[in-house]
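Good morning, and thank you for making time for this presentation. Please look at the structure on the screen while I take you through selected parts of it.

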Amino acid sequence: MSAAPAVLGQTRSALTAAARELRASWSRTATLWALVFAAALLAPAALPEGRLVDLAGFVYLALAAVGLGYAMGLAGIPSLGQGAFFGIGAFAEAISRAKGGVPLLPSLLLAVLVAAACGVLTGLATGRLRGAFVAVSTWILSWIVLLVLTSFPGISGGAQGLVMPESRVLGQTLTPTAHYVIGLTLLGLALLAFAVLAHRGPGLGLAAGRDQVEAALGLGVPVARLRLGAFTASAAIAGLAGALSVELSQVADPSAYGPVLSFELFVAVILGGARYALGPVLGLAVIAGFSNAAEEIGAARGLPPGRLEEMLTGYGMLLVLGLGGAGLLPYADAWWRRVRHRREQSRAETPATLDPVDGPAPLAAHGVSKRFGSLEALDRLELEVAPGSVHALIGPNGSGKTTALKVIAGQLGADDGSIALGVDDLTGLPEPERAERGVVGTQQTTAVFADLTVLENALVGAGLRRRSAGPFRTFFRTPKARADERRAEERALAALAFVGLDDGADRRASELTAHEQRLLMIASALATEPRVLLLDEPAAGASAAELERLADLLRSLRDRGLGVLVIEHNLRFVRRVADLVTVLEAGRRIATGTLAEVAADEAVRTAYLGRQSL
Amino acid sequence: MSLVVQVIVTGLAAGGVYGIFAVGYSLIYRLTGVVYFAFGDLVSFAVFATLLVAAGTAPVSQTSLPPGRFLLALLVGLLLCVGVGAATYILFIEPYLLRGSTLGWVAATLAIAFALHGMVGAVFTRPAYVFPDPLPFDELGRDGVVSVAGASIQVRSFFVIGFAALLAAAAAWTLERTRHGRALQAIASEPEGARFAGLPVERLVALTFGLVGGLAALAAVVAAPSAPFTVDTGALLGLKGLVAALIVRFGSPWAAFAAGLGVGLAEAAIDNLRIADLGLGPQYGEILPLAFALGLIAYRSLRSEPVPGRA
């Protein structure tokens, strides 16, 4: 067989390429963290056996806290249910092991699945709610888990709890040292995944959705799915941590999992800094410090356990909140930034140029109506945007221009009529799917993702065309994912270069001027490779020179085959860029044509232009 | 029959207190969008501060207190509740509201709850405390108990129901009929407009946090003598009030109060009644209302129009 050596050769070259890639991306920081991890693994040698149980227990709690960081930090979901998921994992493990006689590994898997299932259900049930209601629902969930465990001794073993059988895996008994090593490895993996994902693939989409939901949806980010995924992952990690922690302590205590634990984990995440991988671990360490101090004082004064700890945790949280509430790591990070200026990453000198549109198609709206109560915002609107043309939508304030744009983008549903791109019927499709098919809108207000860098903003848009950007591929940095990521970065840089923002692409978007932010919105939209671009007053607040540049940009987009629908008040600007103009009044189209034709129209003159000469 | 009467009266007495909490949660939520998680523990704090002023941390009995000192203690407890309610709003909640940080105010209200709970628990270490009755109900009936339709009922249960209804009416009246109330309604529906019209929005909201704290403290002080009060009682009362408020989606004072009564009745019925030989028993009395509220939230959420970006 002659194919075998060829396959081997391919594998070998792929492996060398991967090794080269790894060497190239390895940095001093990575070496530092690897050393820290190795040093932490050696801790059991220096500690007595009794302390080791505590330490392993801390590591499992830290794992749950980092899991909560996925929901709170990455997705911005205020979850007060992490203690409940931890308890659900713990009791799934305890019941299947102590009562069902299931071996350790399958029951661990079961515990994770049960916790993840509860996470999916909670995430689905609360996914449409605003933050306050998510907090309340997860809080109630924590109470329910506590009440169920404490009032049904038949399930939970009552006051003594469930005593676990000996923990054995593959004939080996799990010692506290083994638990510590397992816990630390899992914690390391969870931290690494957080760090890798926070600024790539799904993490970028989550950050975009956290800051500006509307803008993220407009760029085709599947915000709802990503949030559900982050919440489920967070619950599953808590379940795993809970299950392992009962194996460690050998007893499942029904009163240990509930609102108090949820609160402590929540505080740990905020105290340390929700958007930093290590934030939750640091926060939990501070709380553990409180709790040790509280235990010493409490024991000396003969207080019931836990009371002082709660009080100190509460005061600690209030102190941090009183100081501005950003958490410890963000403070440290801001200080570090002041001390040492961040270096710009070096990139290829000549960014790729924007590609011509792939498969241009006309956008057509037929008989589109939209009512808000008794107000007829759009009345049987007819509109067509040909590929390679700029179509301006003008009209007095309140004539329905922005509503028309939102209905076409899918941000608002139409009550009547149809919207199509070429032969593709878009009517009824949600916003991200329209973006996927090539109709991409920007917001009227400046809506950049302020926490992300300029490049990351554009990468959110470029993410729409990525096919290998799931959490697992992104985490394992598979060759496919890396190639995909490189292409996305090229697209993003090309879009930034097109609007003139490629210099300083590592700046935070919040540092840009208002006009630059509008350009960045356009760049993010262009990075999605749209066929039709919808712009709502892109020229608002621009200076004369900026207007000039913007007009050039739009004409250049037209020449690449893009259809552009633009709302604009500035008629001089409209005259410079628009091939066709549609005039709206009170939700109805009163004229379409070139600006000169429209200006000559009697209805337009009386409705709108009478006061302004063209 | 006698059991049914007993269930109804005890249920309404407990529910009246939940109702007052629900009125407080609703008012605060409608004004600010904040769910005030510290509410229950704030009331615990008021009750135990009253005990502290009245008799230190020693246990007290109905007759051991001089009436003057007890009255002073009640007043101090009430004022503390008002003061702490308003102060925590200004110091910890408002800054995060202004920034639109949900994580921030959730953390703040919960931290206040646990700080208060831990503080009370560190000072009052017995399992439970008797709260003396400010009014001499034990002189009515047989040691404060009367027989109605064959059921033995504490006289003060009727007082609790009536007083709670009176407080709810006062809250509704304040909201509808007074200048302060109308200003609050303006703030709730249009905070920016209210600010523009020259209303001192921050001060009015802080005042409301204080008043709502005082309202709940009154309700708790009225209810506390009915049964031993523990460090956790306030948090549990608060939780049930929150459930009631959720059921009516933080609605008007009367709706919230009615929901509180409903939760109280349901709890008493689940605890005690056997229908067709099927009894659930006390272990379900607390869980089922919570589960019901959670299910209701999920149901409403799934039936609602999808908010952009939410599942």
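This is a predicted model: local features need pLDDT of at least 70, side-chain atom pairs count only at pLDDT 80 or more; totals for chains, interfaces and linings use all residues.

B:Thr10 belongs to helix α1 of chain B, which covers residues 2–32. Its side chain comes to 3.3 Å from the backbone oxygen of B:Val7. How far apart are the C-alpha atoms of B:Thr10 and B:His117? They are separated by 27 Å, and the two residues lie 107 residues apart along the chain.

Let me turn to chain A as a whole. Chain A has 614 residues, of which 52% count as buried. It contains 26 helices and 14 strands. Along the principal axes, its C-alpha atoms fill a box of roughly 90 × 70 × 55 Å. If we take the contacts in chain A between residues at least 6 apart in sequence, 75% of them join residues at least 24 apart.

A:Ser389 is part of strand β7, residues 389–394 of chain A. Is A:Ser389 buried or exposed? With a relative accessibility of 13%, A:Ser389 is buried, because the cut-off is under 20%. A polar atom of the A:Ser389 side chain lies 2.8 Å from the backbone oxygen of A:Ala386. Beyond its neighbours within four places in sequence, A:Ser389 touches A:Arg558, A:Leu562, A:Gly563, A:Val564 and A:Asp579.

Next, the salt bridges. Side chains of opposite charge can pair when their charged atoms come close. Over all chains, the count comes to 20 salt bridges. In one of them, A:Glu247 pairs with A:Arg97, and the closest N and O atoms are 2.7 Å apart. This pair links distant parts of the chain, since A:Glu247 sits in helix α12 (residues 223–249) and A:Arg97 in helix α5 (residues 82–99), 150 residues apart. Both A:Glu247 and A:Arg97 are buried.

Another salt bridge joins the side chains of A:Glu485 and A:Arg200, at 3.5 Å from N to O. A:Glu485 is in helix α21 (residues 479–499) of chain A, and A:Arg200 is in the loop between α9 (176–198) and α10 (201–211), so the pair ties together parts that are 285 residues apart in sequence. Here the two partners have separate classifications: A:Glu485 is buried at 17% relative accessibility, whereas A:Arg200, at 26%, is partly exposed.

B:Lys240 forms a salt bridge with B:Glu267, with 2.9 Å between the closest N and O atoms. Since B:Lys240 lies in helix α9 of chain B and B:Glu267 in helix α10 (residues 253–272), the pair ties together parts that are 27 residues apart in sequence. B:Lys240 is buried, with a relative accessible area of 13%, and B:Glu267 is buried as well, at 9%. Returning to chain A, salt bridges that share partners join A:Arg210, A:Asp211, A:Arg275 and A:Asp451 into one network.

A brief word on the cysteines. How many disulfides are there over all chains? The count comes to zero. As for individual cysteines, A:Cys118 is partly exposed, with a relative accessible area of 24%, while B:Cys81 is buried at 0% relative accessibility.

I close with the interface between the two chains. There, 53 residues of chain B are in contact with 50 residues of chain A. Between them, chain B and chain A bury about 4600 Å², and 76% of that area is on carbon and sulfur atoms. How many salt bridges cross this interface? The rule finds zero. Two residue pairs are in polar contact between the chains, both at pLDDT 80 or more. On the side of chain B that touches chain A, helices α3 (67–98), α4 (102–123), α9 (233–247) and α11 (282–303) each supply at least two residues. The largest share comes from α4(B), with 17 residues. By type, the residues of this side of chain B divide into 37 nonpolar, eleven polar and five charged.

Thank you for your attention.

Notes: Residues are numbered from 1 along each chain as its sequence is written. Chains are lettered from A and ligands numbered from 1 in the order in which they are written. Side-chain values use heavy atoms; hydrogens and water are left out. Helices (H or I, at least four residues) and strands (E, at least two) are DSSP runs, numbered from the N terminus. Buried means under 20% relative accessible area, exposed over 50%, partly exposed in between (1.4 Å probe, protein chains only). A polar contact is a pair of N or O atoms within 3.5 Å; within protein, one must be able to donate a hydrogen and the other to accept it, and residues adjacent in sequence count only if both atoms are side-chain atoms. Contact means heavy atoms within 4.5 Å. Buried area is the accessible area (1.4 Å probe) that two parts lose on being put together, summed over both. A salt bridge is a side-chain nitrogen of Lys or Arg within 4 Å of a carboxyl oxygen of Asp or Glu. Ala, Val, Leu, Ile, Met, Phe, Trp, Tyr, Cys and Pro count as nonpolar, Asp, Glu, Lys and Arg as charged, and the others, Gly among them, as polar. A disulfide is a pair of cysteine sulfur atoms within 2.5 Å.
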